[in-house]
Amino acid sequence: MDKSSENPDGDSVSLRSNENTPTNSTEKQPKRGMLKTFRSSFQRAAERSPLLARRSDPKVTPRAEAGSSSPWSGPAPPPSPSLSAGSPATSPLGLLPRTEEDQVDGAGKGKGLARSKTDPNMSKLGESLMKKGASLRRSLRFPSKKDSNRARRQEPVQAVSQNSVEKVEETKEEEEEEEEEEQEEIEELYALPELPDTPLSVMQINNLIEMEVLEEAHLNLLAMRREFKQEREQFLQDSPVELAKKEKDLNLLYGVLRKKINTIVRDSNSLPARNKGLLVPVARIIQEEEQRAGEPGGLQDSWIEAWREAVGEGVQVKVTSVHLEQKEHNPSWLAVHLGLLGKAIVEDLENVKRELRWSYPRSFKVFSTYVKSYHRVVGQHVKKLERQALERKDLYALLDWILNRYKSERIMGTLSLQTDMADESTDLQLDSGFLEQLRQKYTCRIKEDMKATLGRIIELENETVWMADKLPEKDDDSYSSPFPMDIWTNVKGNVQHAKSLGAELEQNVISSCLEELKHFPKRFESEFRRHCFAAQPHAHWTEYQITYINSFTALQQHMETYQDSRPGEVEAFRKEVKWLVVTLMQGLEEQFKEDVKPYLRRMMTRKWLTKDGDFVQLQKRTGLLSEHCRLMRDPHGEEFASRLHHHIAREYIGQLMKNNYTCKNVKHERAAAKIRHQWTQLSDLFLDMRTAHDWLHPVGDHLSDIIGQKNKADIKNHLQPLVEHYPDFSKKHLAAVLYFRGLLRGRERQLILQRLTELKKRGVGSERSGEGLFRDMQVTDNTDCLSNLPFSCLNFLLPDS
């Protein structure tokens with residue numbers, strides 16, 4: 001282990017003391033400086049310790065009965081009573097009581113203490129050892145300036161102890177000073193107390209460890225380790241069995257000490273009042289063992305690393321103890337748990353900053369160690385939570401907590417920790433690829449939820465509108481449905497939530513939503529036709545079609561928001577919406593054409609000239625369509641009106657081309673007036689429908705002028721305006737109009753046709769070749785054989801004028 005990395009201040013002073021200096025020597029002078037101060041305080045504490053008094057009492061200390069003196073008072077200590085010097089091999093820890101023969105033999109040889117586990121004095125020994133341990137813990141700290149000040153202030157308190165008020169105030173002052181003293185960091189340098197010449201037995205050391213008198217247990221372990229080193233050097237070539245036993249005892253005792261220290265460190269933040277006083281000796285033991293790393297008799301692995309592992313175990317206990325409800329009992333189980341977890345982390349780190357850090361030297365980097373442990377332990381914890389998180393809200397809560405909340409001012413960035421967190425990372429320690437996997441899982445969940453949402457929208461539309469035979473609602477003078485806003489709100493919410501989790505995830509969510517929306521128009525159209533057009537059209541079929549044309553147009557406009565970020569997906573959705581709109585508009589158009597077809601077919605007939613019933617029905621159907629078109633939002637309302645305007649114009653004028661009727665005598669004047677009047681009414685209707693085909697309006701007047709002329713010769717003078725507006729008006733169309741006019745044959749007819757030919761040759765109207773009304777208009781052949789004779793032949797037949 002690299003110790004330099006654990007001590008940022010660069011302290012390199014050895015923490016070991018002189019192991020060869022006996023405690024009972026009165027001739028040798030103690031070392032000056034820090035060691036002198038420490039030893040003097042340690043001796044004063046030992047003199048006051050009830051453990052020393054008990055050891056000098058023959059009723060309490062069996063060692064005195066055996067003629068041996070305490071390692072703290074006698075000048076001639078006996079050899080170590082550890083198992084390595086005669087304990088049974090079957091009890092490596094010395095936990096089994098010795099036989100009477102062993103005790104007698106041990107006393108005769110002067111080998112130290114031999115105590116049964118049922119010795120009634122053992123409890124007294126434990127009590128005295130714990131008191132002495134408290135004295136040693138106090139002695140491990142160097143006296144500070146505040147200690148001296150407090151000592152000076154205690155003298156006047158004793159002088160005026162009869163004054164209860166002053167005594168209470170002084171007591172409060174002492175408590176406050178003690179609190180301030182506790183907030184001081186433990187000194188990095190320390191002096192190890194001198195080791196006992198004769199260590200306690202294995203059982204006694206083990207009992208000290210169990211009773212958490214760790215300072216004395218460790219000193220005896222070091223003394224035992226010194227003995228082992230000396231014996232090992234004596235028997236370097238052939239190691240006896242006793243040496244192997246002692247090494248085993250050392251390993252086992254060190255293992256017990258390590259386990260006890262780990263337990264104390266692990267529980268130090270859960271039980272601060274109990275374990276706080278034990279952390280100072282724990283830190284000193286770890287420091288000492290790190291200095292002795294590699295020497296015989298100790299553990300081979302690093303003590304500071306074991307301490308870090310114990311801190312991590314304590315953090316693990318804290319994290320595991322946070323309440324986690326079952327998802328069946330609370331839909332917000334994960335959000336609640338993460339909130340409690342964040343609160344527990346902050347409280348724990350605040351306690352580390354306020355209490356625990358002052359029980360360690362600075363080189364331990366206590367706060368930093370706890371922070372890193374939380375990064376690691378919580379990183380593993382959220383991995384377990386990810387396996388349970390299946391719903392979108394839970395996945396979002398987990399991602400948001402990892403990416404935002406954990407490092408925010410709510411947890412790692414909280415105000416109370418800011419000073420200490422300045423040099424610390426605030427990111428969780430996660431496995432490679434975990435976040436990417438979690439993001440993909442969230443994106444897939446979004447797509448699945450979007451698909452389910454769209455399915456529920458279709459079901460709701462069927463239940464509340466189609467099956468209920470309900471008329472659509474109107475919004476801003478147009479039919480509309482609420483589902484486009486529902487879908488838009490859902491998508492926008494998903495995108496905004498994803499945006500808070502990162503730009504990449506935001507783009508993935510947009511793509512996922514648009515990908516699922518792309519299939520929605522076809523799904524909707526299929527269900528719409530299945531429910532509303534199974535046997536016969538629904539009563540509100542037209543209103544529904546107009547409503548969904550408006551609704552999907554609005555939905556597409558909402559999705560245009562993401563054109564810049566996801567142009568490919570937006571274009572794919574746009575194509576699907578356009579397909580649906582065209583399909584619905586074609587349905588409306590076909591329905592209207594079927595409705596008006598019988599009435600258009602009877603135009604330009606004898607009945608039409610005498611009765612207005614068919615035109616009234618045509619006008620009524622067109623007027624109803626006009627009302628519907630006003631409820632259709634642009635641009636589709638204008639486009640739909642223009643397409644139907646063109647259809648009505650072509651079909652109405654087209655009846656002139658079928659040669660169904662001819663107006664003989666003066667009937668052509670009545671027919672021309674009727675055409676002009678009806679065409680004006682139709683044009684007004686389509687103007688109200690916001691038609692874009694205003695170029696169709698003049699055709700009725702032009703044809704009425706031709707049909708209504710009294711003088712046949714004047715007809716050719718009205719051809720040019722017609723040809724200019726409608727360049728696709730051909731000779732066969734003119735022949736059909738002349739037939740309806742009653743001009744079936746004769747020289748005037750031929751002159752009129754010849755005039756049209758001349759206009760065509762001159763290119764009149766060619767600049768308007770993009771517009772067409774007559775191009776696809778069918779003309780019925782005239783069955784009159786004389787109507788198609790050449791003009792030269794007719795000169796012989798016609799009488800001279």
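**Salt bridges and a helix**

Modeller: Take glutamate 231: its relative accessible area is 24%, so it counts as partly exposed. Buried would be under 20%, exposed over 50%, and partly exposed is in between, with a 1.4 Å probe and protein chains only.

Biologist: What sort of model is this, and how are residues numbered?

Modeller: It is a predicted model, where local features need pLDDT of at least 70 and side-chain atom pairs pLDDT 80 or more, while totals for chains, interfaces and linings use all residues. Numbering starts from 1 along each chain as its sequence is written, and side-chain values use heavy atoms, without hydrogens or water.

Biologist: Which residue forms a salt bridge with glutamate 231?

Modeller: Lysine 246, with the closest N and O atoms 3.1 Å apart. The two are 15 residues apart and link distant parts of the chain: glutamate 231 sits in helix H9 (residues 214–234), lysine 246 in helix H10 (residues 241–267). Helices here are DSSP runs of H or I, at least four residues, numbered from the N terminus.

Biologist: And lysine 246, buried or exposed?

Modeller: Buried, at 1% relative accessibility.

Biologist: How many salt bridges does the structure hold?

Modeller: 38. Each needs a side-chain nitrogen of Lys or Arg within 4 Å of a carboxyl oxygen of Asp or Glu.

Biologist: What about arginine 258?

Modeller: Arginine 258 has a salt bridge with aspartate 301, closest N and O atoms 3.1 Å apart. They are 43 residues apart: arginine 258 is in helix H10, aspartate 301 in the loop between helix H11 (272–291) and helix H12 (303–321). Arginine 258 is buried at 10%. Aspartate 301 is partly exposed at 45%.

Biologist: Where do glutamate 589 and arginine 643 meet?

Modeller: In a salt bridge, 2.5 Å from N to O. Glutamate 589 is in helix H21 (residues 567–601) and arginine 643 in helix H24, so the bridge ties together parts 54 residues apart in sequence. Glutamate 589 is buried at 9%, and arginine 643 is partly exposed at 27%.

Biologist: Which residues do shared partners join into one network?

Modeller: Arg392, Arg445, Glu448 and Asp449, through salt bridges.

Biologist: Which residues of H13 are buried?

Modeller: Among them are Trp333, Leu334, His337, Leu338, Leu341, Gly342, Ile345 and Val346. Asp348 and Asn351 are also buried.
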